Amino acid sequence: IERWKPRFTDVPLVIDGETITAERTLKDCHDPSRPGVLVGRYRQAKADDLLRAVSCASRDDDGWRTRSPLARQEVMGRAAMELRQARGDLMGAALADGGKTLMESDPEVSEAVDFVEFYAESARWFAKGLSPYLTAQGKGVVVVVSPWNFPIAIPCGGVAAALAAGNTVILKPASDAVLTAWELCQCFWRGGVSRRTLQFVPCSGAGASRTLVNHPQVAAVILTGGTETALTMLRAKPDLRLSAETGGKNATVVTALSDRDQAIKNVLHSAFSHAGQKCSATSLLLLEAEVYDDPEFQRMLVEAAESLVVGSAWDVTTKMGPLIRPPSGDLETALMTLETGESWALMPRRFENNPQLWTPGIKWGVQPGSYTHRTEFFGPVLGVMRFETLSDAIATVNATGYGLTSGLESLDDREQAEWKAGIHAGNLYINRGTTGAIVLRQPFGGMGKSAVGPGLKAGGPNYVTQLMDFQEQLPDTPATPPPHSKLGRFLASLQGWDTLNLTENTRLIAAFSSYEHWWDEEFGREHDSFKLRGQDNLRRYLPISEMRICLHPDDSPFEVFARVAAARMAGCHLTVSVPEGFESRALKRLRTATADLDEDIAFIEEGDDELGRALLAHKADRVRYASADRVPIAVRRAAIESNVFIADVPVLMEGRLELLWYVREQSVSFDYHRYGNLGARSPLESSL
C-alpha cells in the first residue's frame, strides 16, 4: 500500500510491437478513494491506431496462431507465473485506479492465474486430445472489451481464453481501469506473449472503439458490460461473433425455513461487497411473509448493514469502499428517491469529503413490477420485497428478465428442489453468498438479459471452443449407436433411402454414436469437479426449451438429419423451419421418419419475415443454421432484438462440440453444512 500511494504511472499504447508515448489525447486516472488525486495518465488510441492494430493482429507476424497448442500452453504457463509474482502490483493498481479493497482484489489475482492455466489446458485438449479426426485453429483476431469492476480477473480471462485458443488479441480496457490493465498486459509480455500478439489500445468507448469492433477483420469480440452496449455492437455488425456477459438484477430468496442469522450474513456480503458494484451482487431480497413481518429480522438486518465499515480503500479496516464515480443515472435515482409503497429501512448517506463514498441503503416495501424491482442499479442499494409462497417468489425473480446469479436461504430440501427447478439463472447459490465464482468450481455466466451470445460459461470447460474453428475428417470405422437406443432407432429409420451417399451415411453413423456417447458422458449428467466436503458445486446442462432448426436449400442431408438428432438427444422441444415452397428428398425422409417414430417435432413453412416475427414474439429460444452464409440478414436483426442466439457454425459429427448448441450451462453451489456440521452427509450419520 505504501509503495503505491505516491506512485504515478504514465501509460503508453502498445500497437504493432511499438510502445507509443507520442502525442495523443491524454486521460487522467483518478483515485476513487482520494478526490482530486491522480495516480496515472493514459493515451487514447485514434482511429488510425486501431486500424494499424487490426492489421498487425491479422498478419500475425510472430506466428502465434501457427504455434502448436502445447507451445502456446508453455508460454501461458510462464505468464501465469508472472501474474503470481505481480500480485502486489496488480492489487495496488486495482486499489489506486479502481478503489478496490485488498480483500476484494486478492481473489481476483488468484482467479486470473486459474484462467490462464485452465484455458491453456482446455484449449489443448479440444485441439489435440478430443479426437484424432478433429483439428482446430483460432478464429483470427479477437477484441477483448473489459470492465472496470473486476479489473484484473475479467480482462485476464478474456485475453487468456483468446490466446489459448490460438488467436491474436487486442485489449480495449475500461477507461476507469486502464492502469490495472496495463499492469496485467505486462505480465503476459514478460511471460513470452509478444507485443504484436497482444496489443493494448485504450480508446473512447463511444467513438473510436466502434472502428475496432466493427472492423471486418475482427473475428470475435468478448465483452463484459451493459446489455445495451452488446445490442449496439450487434446492430452495427449483425454477424459479429460476440460473447457478452451483460449484468444482472440478482435476487436472494429467504424462506421461513432458513437460518436467519446466516441469511443476513450472506445477503450483506452479496449486496454490499465492492459497494454493490458486481454484476453478481444481490440487489433484491425476497422475504417470506413470516420473515418480512418480523420486526426483529429487520432490526438485525439494518444493524448489521450499519456496522459495515465504509471508507477509503487504502484503509485495511474498510469493508465497503468507494463507487468508481459519483452516482448518476439509475443509481443516483435509486439512492435519492422512493417509489410508491417503499420506505427506507436504512437510508444511504453520502460522505461529505468524497462524493463517491456512500453508506448502504435498504429499501423496504418494493413492489412487483416497480422500477426498483426491474432495474439494475450497480451500487449499494438493496430492495426488499415480501412474498407468500415460494412459487410467487420464483416468478418475481424471473420477471426481471435477467438471469445471472440467484440465491436461496432455506434449510428445507423440498424448497431447495422447487427453487432449483424454477429459477432462470446461470449461477445458483444455496445457503451462501451470490458472488465469488471460482474457475471450474463455479463456471460463471447467465441467461436472459444477462448473456448475449452463445452463453458458454467463463471459467468452464467449454468457454474456449467459441474462439476456435474446427475441421473434421471421416473416421476409419465409426461406431454405430445401439439399434434400440434413442438415436439408433432414428438412424435405422433414415437409412436404406437414397437420401444419403456413402460419405454422408458414414458421417451420420459417426455423429449419432458420438452424440449418444457425449450425452451420457458430459451433457446428460451433473458434474462436481472438486467434491469439497460441505459444499456441492454442480455443473449441469439444461436443454434449450424451444429450439428452431432452420433449413436452407444448400443444406446437405447430413446437416439436416444431424441437427435434428442433436436436438432430440438433448431433449429440446423442436421446430423445423422450412423455407416457403421448399422440398427435398431429405426433408421428405425426415418427415416420414419422425412420423414413424411418433416424434413431437413441428414442421413450419415460413419465409424470412415470418421467422423474424416468430423470434420477436419469443417463439424460439435458440436457432440453428448449418452455415453462417445461409442466415438471412432479416433473421439476424430479429434475433438481436429478441436476444436469441443463432448458432451458425458448421454442423459437426463430434458430439462434444455439436451438442453445445442445444443446451444451456448452469452452475449450482450449495453449502450443505451448517457451521461445519455435515448433517445427514456426515460419515458418522451415514454409518448409523
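**Reading a predicted model**

Tutor: Let us begin with a single residue in this predicted model.

Student: Where is Phe 378 placed?

Tutor: Phe 378 sits in the loop between helix 13 (371-374) and strand 18 (381-387). Its backbone deserves attention too: Phe 378 is not a glycine, yet it has a positive phi of about 60°.

Student: Which residue other than glycine has a positive phi near 70°?

Tutor: That residue is Leu 440. Leu 440 belongs to the loop between strand 21 (427-430) and strand 22 (447-448).

Student: Is Pro 348 buried or exposed?

Tutor: The cut-off for buried is under 20% relative accessible area. Pro 348 has a relative accessible area of 8%, so it is buried. Pro 348 lies in the loop between strand 14 (343-346) and strand 15 (350-351). Leaving aside residues up to four places away in sequence, Pro 348 touches Leu 335, Trp 358, Thr 359, Pro 360 and Gly 361. The C-alpha atoms of Pro 348 and Leu 335 are separated by 6.6 Å, and the two residues are 13 apart along the chain.

Student: Is Val 316 buried or exposed?

Tutor: Here the cut-off for exposed is over 50%. Val 316 has 62% relative accessibility and so counts as exposed. The loop between helix 11 (295-306) and helix 12 (329-336) holds Val 316. Beyond residues up to four places away in sequence, Val 316 touches Ile 1 and Leu 102.

Student: How many residues does the largest nonpolar core have?

Tutor: The largest nonpolar core has 121 residues, and Phe 188, Phe 200 and Tyr 515 have the most contacts inside it. Helix 4 (residues 102-129) gives the most to this core, with 11 residues. Apart from it lies another core, of 34 residues, among them Ala 263, Ala 275, Leu 346 and Val 381.

Student: What does Phe 200 touch?

Tutor: Setting aside residues up to four places away in sequence, the residues that Phe 200 touches include Val 11, Leu 13, Trp 182 and Trp 189.

Student: How many helices and strands does the protein have?

Tutor: The protein has 23 helices and 31 strands. Its radius of gyration is 26 Å, close to the 26 Å that the globule rule gives for 688 residues, so the protein is as compact as a globular protein of that length. The C-alpha atoms fill a box of roughly 80 × 65 × 55 Å along the principal axes. Of the 688 residues, 62% count as buried.

Student: What of contacts along the chain, and of charge?

Tutor: Among contacts between residues at least 6 apart in sequence, 74% join residues at least 24 apart. As for charge, there are 73 positive and 87 negative side chains, and the centres of the two sets lie 4 Å apart.

Notes
Residues are numbered from 1 along each chain as its sequence is written. Side-chain values use heavy atoms; hydrogens and water are left out. Helices (H or I, at least four residues) and strands (E, at least two) are DSSP runs, numbered from the N terminus. The radius of gyration is taken over C-alpha atoms; the globule rule is 2.2 Å times the number of residues to the power 0.38. Buried means under 20% relative accessible area, exposed over 50%, partly exposed in between (1.4 Å probe, protein chains only). Contact means heavy atoms within 4.5 Å. Lys and Arg count as positive and Asp and Glu as negative; His and the chain ends are not counted. The place of a charge is taken as NZ of Lys, CZ of Arg, CG of Asp or CD of Glu. A nonpolar core is a set of buried Ala, Val, Leu, Ile, Met, Phe, Trp, Tyr and Cys residues joined through side-chain atoms within 4.5 Å.
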